Structure formats: C-alpha cells, structure tokens
Amino acid sequence: MSDGGATVPNRRGRSMRRIGRHAWDVLAVPVVSIILALLVGAVVILATSILVPGTKLDATLLGLPLRAYGALFCGSAGSPLPSFHLLIVTGPLVGCSGGSWDGFIETFVQATPLILAGLGVGLGFKAGLFNIGAQGQFLLGALGAVWIGSSLGTGPVIVAIVLALIAGALVGAFWAGIAGFLKATSGAHEVVTTIMLNYVALAMLSWLASGPLHQPGSPQPVTTDVGDAALPILFGPDGHVGIFIALVAVPIVWFFLFRTTKGFEIRAVGANPEASRYAGIRPKVLTVLTMAIAGGLAGLAGAVNLLGISHQMPASFSTTVGFDAITVALLGRSNPWGILPAALLLGAMRAGAALMQIQAGVPAELVDVVQAIILLFLVANSLLRKLPGLRGARSGLGTTDTMTGSYGSETA
Amino acid sequence: MDALVNGLYGIPLLGLVFQFGGYVLAELPTFAHTAVLVAVPLALAAMCGVLCERSGVVNIGIEGIMLVGAFVGWYVGVLVVGIMGPGHATPIFGLTLPLVIALVAAMLGGMLLALLHAWLAISVRVDQIISGTILNIMALGLTGYLNTLIANQSPQGAGNFSPLALPAWVIHLPVVGWLLGAFFDQGPIAISTIAIVIVLQVLLFRSRWGLRTRSVGEHPKAAETVGINVVRLRYRNVIASGAIAALGGAYLSMEVTNSFQAGMTNGRGFIGLAAMIVGRWTPLGAFGAALLFASSTAIGQSISFDPPNGQLGDLIARVPPQFFDALPYLVTIVILAGVIGRSVPPAADGKPYEREAAT
C-alpha cells in the first residue's frame, strides 16, 4: 500500500530527470558551442584591441570584452523591468540605461528575416541541397515587393500587403528555382550557381534602383516607396506585423516537412537519394521544388523586411542575411523548432551590435566572427563530445552531413 | 573589300555579329590585356581548387582564403612601412622590402586558413562544403572586423607592385605584339600566375608527386596500399593551395590596387571554382576557362571606356551598364551548366579518408 504511494513521485521524478537528460543531450552541443564562441570572441576583442592606438595595456583592458558583451546584451534585450535583468545574470552587472523595450523588440525585428530565410536554408539541407543564395533571393524578394507595392494604386491596405508579400515570395522562388533547375538538368552544383545568382541579383538591384523602379525626383539611386503595402507597426519604433508572419511560418514549415507526403519525400531524398528513387520519388522534380520553396521563404523574408522597415530600397542596400541564414539553419539542426531560437539568438546579436560598436568601440563585425566560431565548434562536435558531461550529446548538425557527396557530379 | 564589309554589316542581326567581331578586333590589344588582368585572381583561385580537389578535398573556402590574403598583404604592408619606412623600389616590378614581406605574410595567412580547412576536412572529417562555408564566413567577419577597427587611423599602405612595362617596340610587333603585351605587360603576381599554371600542369601529370596526388584523389585506398601516406599528402596539398589562393587575394590589394575593402574578392573564389570545373580539373584548362570568364568583364570594360559606334553602338547604348557588371556571373552560370555533364571530378573528391584498422 504505502509502496504504491511512494513510487508515484519517484517515477515522476525519474521521468522528469529523463526529460531533462534528453533536453540536455539535444541542447548540449549548441549551447556549449555558443558559450565557447563567446569566450573566443572575448579573446579576439582583447587581442585586437592593441591595434587601436592609445590602448593602455593594463587591468582595465580586461573589462573590455565584458563591456562589449554588456552593450550587446543591452542593445538586444534591455528592458524597463529590473526583474528581467535579474533573470539573466549579466543584467545588474551591466546596468542597461534608458530602459525601454526597444532593444527587445529590435531582436525580434532582426530575427524575422533570419527565421524565414533560415527555414528556407534548413529545408534545403533536409533535401541535401546547400542554398548559399538566400542573399540574392532575399534581395529580389524585396524588389518584387517594392515593384508590386509601389505600382498598386489606392485600395484596401490588406490587399496591397498580401499581393506584395506574394510577389516577393514568388520572385525569390523563381530565382532559387533557376539554381534548382540547373542542378536537376545539368548537374551544375547549387553552391556555385546560387552564389553567381547573388551577384546577378546585386546588379539587378543597382539597375532597378537607378532605372525602372527609380524614385522620381530623388538624386540617389533608390527605388520607389511601397506606399500602402507598408506593414503596420505594432510595437516600438519598428516592431512590425512581419514578426508574426515569421512566427507562424515556423509551425507551417514544420507541418510541411514532417506531416505531409512532399515533406517526407524531401527528407527521404536528403537521407538517401538512391533509395528514394527506388521508392518512386523523382529527385529532379524534388530538387527544383525544394529550391523554389527555399527561395520563396528567403524572398518572403526580403519582402517582409522591406515592407516592415525601410519601405524603399537603395542601390547600396547591404545585408548579411545569406550567411546568417546558413548559421541559423545549422545551429537549429535544420529543424523549424530549432531554427526559431537560433534565429532569435542571431537576431539578438545583430540588434545589439550597433550599441556594442558605439559604447565599447568593438566593431559590429564581431558578430560574424562569433558566428563563424559557433559553426566551427558545431561541426567539430565530435571533439566537443569527448568533454565530460557531453558524451551522450547528439551531434550538432543532424542530417546535414551528406552534401559534399553530390558535389560536381551529375545528379543521375 | 570595303564594299564587302559594308555589305556584310548591312545584314540585320548577322551584321551586328560582324560589327561586334570588328569591334573586338579593333580593341584587341587593350581587350586582351584587360582579360588577363581580370583572369589572374580567377586562375589562382582555380589552381587552389585543382590542387585541393585532385587530392580529394573539396574547398569552397577559396573565396575566404583570398580575402584573408588580400587583407593580410595590405595590412602587413601598413605595419612594416610604419616600422621601417617605405623602402626603395626596384626598377622592375617596383618591389620594395615591405611589399615583399607583406606578400610572404599574405601567403602564410592563406596557408593558416587552409590548414584549418585541412584539419576539419581530413582529420575531423566534417562535411567539406560546410567547412568551406565556415572559412568564408570567418574570413569575411575577421577582415571586416579588423578593417573597421583600423579604418579611422587612415593607414599608410606599402603601395603596390608595378607592371613590367615592356618596351614599345615589343608591343607593336606584328601579330604577336598584342599577345606579349597582354601576358607580360603585367605585374609580378600576374606573370607568376602564368608560370604557376604551367608548372602545376607539368607537375600534376608528369611527376611522381603529381601521380601520387591524383591517385590519392581518385582511389585513396589503393594509394595507401602502395605506401602513399594519404593524410599527409592531402594536408600538404591543401596547405600549399592556401598559399596560391592567398596570392590571388594579395593580387587584388597589392597589384591591381593598393588598398583593401571589406569583401573585395566579390565571388572570385567561386568563379575560380567554376573555372576549375569547366577546365576539367586541369591547370591549363582552368586557366583557359578563367580567361573566358574574364573576357566577359573585359568586354564590359572596353565598352564603357570606348563604346562602339554605328548600329552596334546604338544597341549597346540601350543596354543598362549593370548588365555588364552581371555578365561574368551569368557567363559562369551558362558555361557551367553547359559543360558540367561532360566534366567528371576526381572519384574520391569530397570523401573523407578513413584508414581501415589493421586486423
């Protein structure tokens, strides 16, 4: 009698522990990679600070990485709530001034295109395709949204927004579809073709911004304004509705990948193209389809970003979304539910980078360096997993280690 | 004769083709010179690719290695000039001590980054395309970071190498003058590139090292059986290829210009990869492909400097100038897609080698 009563909490305790254990196994490699990368980043900050004349080599210098990361944190998560800072230990240490939610919102704004483009890159990874061209698809998606948004006359705002978003996604899908088509028909590897298409997209932006889509009367090469298609701002200076589009896309892509036949086929081709062909799946068709969906998501990212923030595009528009999306997809193991937190992390770093540069004098490009080091630890996870406590941990990359196999060779 | 030419020019479309041919012929000396100038970094990138992939390692981090070469070459020049002054330039090539030290440093920097790729690809056995991407992100990040950090000091660079400056009578030689001018009226890195291509072609197909390298790239297990150390050879070749790619980057910041801009390689590493594929993984073929890709840039440049006149000129005037910026990338895509089915990579390309346990 009393035994039965006693085992219940025990069993629950054990299952809780098992869930904890499982969560740790999944999260260990990414979390340790991020922490180690931030440490290496601190070393980079210290080592390079001697390049700046007037740097005094004394104990105060050791505080520089702390000040840099503090500013990075305040710029991305600063909030008016003191308890929120207590929650994350660095808060009181840093003492973010001028508390408002702006930094917090900016993190989501910056993460929005990364979520969408990251979902696209991750989808490609699942099919064994490496889409390095999110950058170009993003640019053209934004241009598609500008084109439709600015050419629509007055009408219902919602129609303008929806049409502009669809245009962005379609243009992005078409652009990536070219690379998919070339891979399927001739075997030209998408790593080379998508990069080439990125540069073509840049030239198209420059042409459209100074030619067909040029804002009349503007001395600078800049496109017309999207007018009615601008996304409504809900919070802070630029917390636009697009954030929710990105958040909704996560479960949709997850459902597509794991609960639909096409999604299954994509994963099957990625896992074993040979076997999937025997199962009656046509890898060529699927290659084009996957690239098109991936490009559609990256194009949507561009459209959302443009309609939400700048509303028009200068010819000199520059973005790091292409590489960021790759990092996000790898960090999130190509799983939509992993991509979401990965994109928020990177979005936070992008949001805080400006404040870091202003307050600590550490260039914003540090984020790229840290990002590369995160990836380095992620791929070298076989070494990380020799550390105590990480032995049972899952590999950092999931299903994405079969791509080089298709390199240079024809896809039969 | 003139009547015939005029007659040919009169035919629609075909006439345009003739006009274009005539234009290129008239511009040939400058055109060929520009093409070689532009082809050099592409060719060096392709040589890096050939060396890696012939040994069985895929390297898409060439772009990153070039960027590091460009930055290190320029910045070490700045540092050395700060310590020992600009030095005296030699009459040929304008070599100075800081420039030479900087060039060596650039190649060492490239080798260091290549070592990272070699370690990831050969020892850790990670996916080589992801490893190459990490190289690219890291190079873009680090060079951008350092460039921003030192930008407001307006650093004084070490200048750049100067072209050979052939005597005028050589360039005006009939028939071969323009060719000599194109290839040898160039700076030291460009001229070494031609030598590197030829030496690599000979070594790869006519030497013991070349045979070993190719066997390691085609069938590492067989190579190991006959006593070749697969891992060591792959390490050596990948590290050496880093020096070549870095030379291509240094060419941009030390020979064509004397400054560094973030991301100044602009995809040349990837075009180099495409040149390698189109050239069927041979140094000479890849060099030819690099020249082909470069001629599209050269056409764009010569049209913007000296636009053709007549019917062709009217047509070209209506083409937006950005089209010519995109042209090399478009040409790369089209040729790559057209050629690839007939271009077969080394059999063990991209496959990590794992020695079987002795039983």
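Guide: Chain B and chain A meet in a contact that takes 44 residues from chain B and 44 residues from chain A. This is a predicted model, where local features need pLDDT of at least 70 and side-chain atom pairs count only at pLDDT 80 or more, while totals for chains, interfaces and linings use all residues. Residues are numbered from 1 along each chain as its sequence is written, and chains are lettered from A and ligands numbered from 1 in the order in which they are written.

Visitor: What makes two residues count as in contact?

Guide: Their C-beta atoms, placed from the backbone, lie within 7 Å.

Visitor: Why is Asn266(B) called partly exposed?

Guide: Asn266(B) has 18 other C-beta atoms within 10 Å. A residue is buried with 20 or more, exposed with 12 or fewer, and partly exposed in between, so Asn266(B) is partly exposed. You'll find Asn266(B) in the loop between α12 (230-256) and α13 of chain B.

Visitor: And what makes Arg280(B) partly exposed?

Guide: Arg280(B) has 16 C-beta neighbours inside 10 Å, so the label is partly exposed here too. Arg280(B) sits in the loop between α13 and α14 (283-305) of chain B.

Visitor: What is the phi of Arg280(B)?

Guide: Positive, about 50 degrees, although Arg280(B) is not a glycine. Most residues other than glycine have a negative phi.

Methods: Helices (H or I, at least four residues) and strands (E, at least two) are DSSP runs, numbered from the N terminus.
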